[in-house]
Amino acid sequence: MTDHEKFMRMAIALSRENVRSGAGGPFGAVVVKDGEVIGRGANRVTSGNDPTAHAEVVAIRDACKALGTFSLAGCDIYSSCEPCPMCFAAIYWARIGKIYCGNTLQDAADIDFDDALLYTQVALPKEKRSIPLIPLLRSEALAAFEEWRNKTDKAPY
C-alpha cells in the first residue's frame, strides 16, 4: 500500500464513520505535510448547523491550528470526494499543493449532493445569478481597503 492509498483510506474512513455516527454527510478529508497527517475533518454541516463545515474546510482549519499558520504550502489534501466550489476555493486560499480525491462530483450528485448549480452560478455574469449581488456603499467600503494598502505591518496573504 502506498502512502497516498493510506491517506485516502483515512479520509474514506472518516467519511464512513461520519455516516455511522450521524454527525453529517459522507465526506472526510485529511491534510498531510511531510508524510504526516496534520489535519482531519468530516462533514459537520447538520450537526454543527454550519453550511461551511465541509470535510475539507474542517480539515484545513484543523491543520492551520496545528501549524499555527494560515498557509498550508507544502501540504496535500486527501478528500473522500472531489471538492465542491467552496472547498476548492478554500484549498486554493490555503495554498495546498495537491488534491487527491476518491468519489467524483457525479458520484456525489447521484446521492443528492449536486454542486452543478454552484459551478453554473459562479460562471454566470453577476446580473444573471439566481442570488442578486447588489452594490452598496462602495466608496465607504473602499476606506478599509485604503487603510490596508497603507498598513506597514500587515501579514500579506
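Modeller: Let's begin with S1 and S2, two antiparallel strands joined by 6 bridges. Helices (H or I, at least four residues) and strands (E, at least two) are DSSP runs, numbered from the N terminus. Before we go on, please note that this is a predicted model, in which local features need pLDDT of at least 70, side-chain atom pairs count only at pLDDT 80 or more, and totals for chains, interfaces and linings use all residues. Residues are numbered from 1 along each chain as its sequence is written, and side-chain values use heavy atoms, with hydrogens and water left out.

To find one link in this pair, look at valine 30, whose bridge partner in S2 is arginine 40. Two strands count as paired if DSSP finds at least two bridges between them. S1 and S2 belong to an open sheet of 4 strands with mixed pairing, in the order S2-S1-S3-S4. S2 and S4 are its edge strands, each pairing on one side only. On average, neighbouring strands of the sheet are turned by 15° against each other, direction ignored; the axes behind this angle are lines fitted to C-alpha atoms, and angles run from 0 to 180 degrees between N-to-C directions.

Strands S1 (28–33), S2 (36–42), S3 (75–81) and S4 (98–103) are among what covers the buried residues of H1, where contact means heavy atoms within 4.5 Å. Buried means under 20% relative accessible area, exposed over 50%, and partly exposed in between (1.4 Å probe, protein chains only). The buried residues of H1 are Phe7, Met8, Ala11, Leu14, Ser15 and Asn18. They line one face of the helix, because down the axis of H1 they fall within an arc of 110°, taken from the directions from the helix axis to the C-beta atoms. In general, an α-helix has 3.6 residues a turn, so residues three or four places apart point the same way. On the face of H1 turned away from its buried side you will find the exposed residues Arg9, Arg20 and Ser21.

H1 itself covers residues 3–21, 19 residues in total, and reaches 27 Å from its first C-alpha to its last. That is close to the expected 27 Å, the expected span being 1.5 Å times one less than the number of residues. After H1 comes glycine 22, with a positive phi near 80°.

To place this part in the whole, the chain has 6 helices and 4 strands, and 31% of its 157 residues are buried.
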